[in-house]
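User: Could you walk me through this model and tell me what lies behind the terms you use?

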Amino acid sequence: GTHPSGPSTIHSTGEPLPHNLPFLFKALSVQHALSIQAHPSTKLAQKLHGQRPDVYKDPNHKPEVAIALTEFEVLAGFKPLERILQNLQLYPEFRKLVGEGGVSLLESATPERGLKVMFENVLQADAEVLSEATMALVERISERLEEDVTLARQNALILRLNLTFPNDVGIFAPLYMNYIRLPPSSAIFIKSGMLHAYLYGECIECMANSDNVIRAGLTPKYKDVGTLIDMVDYTFCDPKDVVMKTELDGEGNEIYKPPIPEFRVKRCEGPYGLTLDPVKSPSVILVTEGSATLSHPECDNKEWVRGMAFLLNPNTQLTLQGDVQIFQAYGGTSVLNGGQILYDPVMTPETLGNKISS
């Protein structure tokens with residue numbers, strides 16, 4: 001992408017990309033939890049950037065899509081109310097951090113208010129109380145053989161998190177956040193304010209052009225707990241509602257279309273080659289499996305192999321020959337902006353198919 005914190009360049013020349021892209025496109029290999037976090041809305045991002053530009057590097061929001069390449073483990077959104085209440089009964093250490101006042105609010109007619117109190121009480125628990133609760137929890141579930149599959153999996157995750165981040169407040173997150181295991185090619189959409197943490201696996205990630213992250217646990221990085229408590233979306237959600245629905249184009253390629261204007265992602269694969277239809281914006285291609293040969297008069301890079309990234313000009317149709325899987329990220333349009341593409345295109349045919357260095 002073109003974010004100033006780490007802009008990509010053209011591999012052959014070292015020059016910056018000739019387009020101001022509205023998205024960032026990444027491949028992630030997650031070996032341990034990547035912090036409990038959320039991303040601000042545009043309005044909040046502008047405020048935070050103005051107040052602390054050293055921490056919040058830009059005034060943009062950062063909604064994102066994560067598409068699984070392998071089985072991909074994620075914590076995303078708050079569990080349904082009944083599951084949280086169940087865990088408050090089954091885990092006395094969790095209940096102690098939440099407090100009886102928080103439990104009563106969750107059991108009341110306004111449970112969303114109780115959800116915020118629960119989250120605030122856990123994150124801002126006294127250090128000594130938190131240490132005692134985490135040690136007690138780990139000791140108790142380590143010695144317990146749980147017959148219920150869901151609870152056994154939940155306990156195993158807590159113990160895994162504690163191995164990497166011992167006594168961290170984030171080890172309680174599986175008790176109030178949805179644990180989701182995405183099979184390959186499935187995806188989740190993380191909107192502004194949605195609490196989440198990527199845990200393990202490989203994925204393709206596409207997001208609006210921003211580096212704004214507000215963290216609160218499972219990380220050695222800066223934690224802005226107060227800001228996170230104030231801005232999180234306190235909505236109970238079912239895990240299946242977090243997983244995205246996809247569409248198919250005329251060639252049978254899978255399209256991930258989040259409810260934002262900055263980007264779309266297309267997944268294309270085929271043992272005998274594939275065709276990329278033209279899109280109106282510049283696009284970035286990541287080759288994730290196999291290899292393919294490209295024939296095009298304006299492209300110097302004939303062979304595309306796993307691990308390569310390419311920049312394509314707008315309105316370009318390509319045909320690839322070979323057994324390959326690629327992901328293509330491209331800009332969307334905005335109804336509020338009169339249907340204009342949300343980037344600044346610089347029409348330079350020489351960039352077609354240029355290899356990108358990141």
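User: Where in the chain is Leu-17 found?

Analyst: Leu-17 is in the loop between β1 (9-10) and β2. Strands here are DSSP runs of E with at least two residues, helices are runs of H or I with at least four, and both are numbered from the N terminus. A word on the source: this is a predicted model, in which local features need pLDDT of at least 70 and side-chain atom pairs count only at pLDDT 80 or more, while totals for chains, interfaces and linings use all residues. Residues are numbered from 1 along each chain as its sequence is written, and side-chain values use heavy atoms, with hydrogens and water left out.

User: Why is Leu-17 called buried?

Analyst: Buried means under 20% relative accessible area, exposed means over 50%, and partly exposed is in between, with a 1.4 Å probe and protein chains only. Leu-17 has a relative accessibility of 10%, so Leu-17 counts as buried. In space, the C-alpha of Leu-17 is 8.1 Å from that of Pro-7, and the two are 10 residues apart in sequence.

User: Is Asp-168 buried or exposed, and how do you know?

Analyst: Asp-168 has a relative accessible area of 10%, therefore it is buried. Asp-168 belongs to the loop between α6 (149-164) and β6 (177-182).

User: What does Asp-168 contact, leaving aside its neighbours within four places in sequence?

Analyst: Contact means heavy atoms within 4.5 Å. By that rule Asp-168 touches Thr-134, Gly-217, Leu-218, Thr-219 and Lys-223. A polar atom of the Asp-168 side chain also lies 2.7 Å from the backbone nitrogen of Gly-170.

User: What is the volume of the second largest pocket, and what makes it a pocket?

Analyst: Its volume is about 360 Å³. On a 1 Å grid over the protein atoms alone, a pocket is an open set of points with protein on both sides within 12 Å along at least five of seven lines, whereas a cavity is a set where a 1.4 Å probe fits but cannot get out; lining residues have an atom within 4 Å of a point. Grid points are joined across faces, edges and corners, and the volume is the space filled by probe spheres set on the points. Of the 22 residues that line this pocket, the closest to its centre are Leu-34, Ser-35, Gln-37, Arg-215 and Lys-221.

User: Which element gives the most to that lining?

Analyst: That is β8, with 4 residues.

Key: A polar contact is a pair of N or O atoms within 3.5 Å; within protein, one must be able to donate a hydrogen and the other to accept it, and residues adjacent in sequence count only if both atoms are side-chain atoms.
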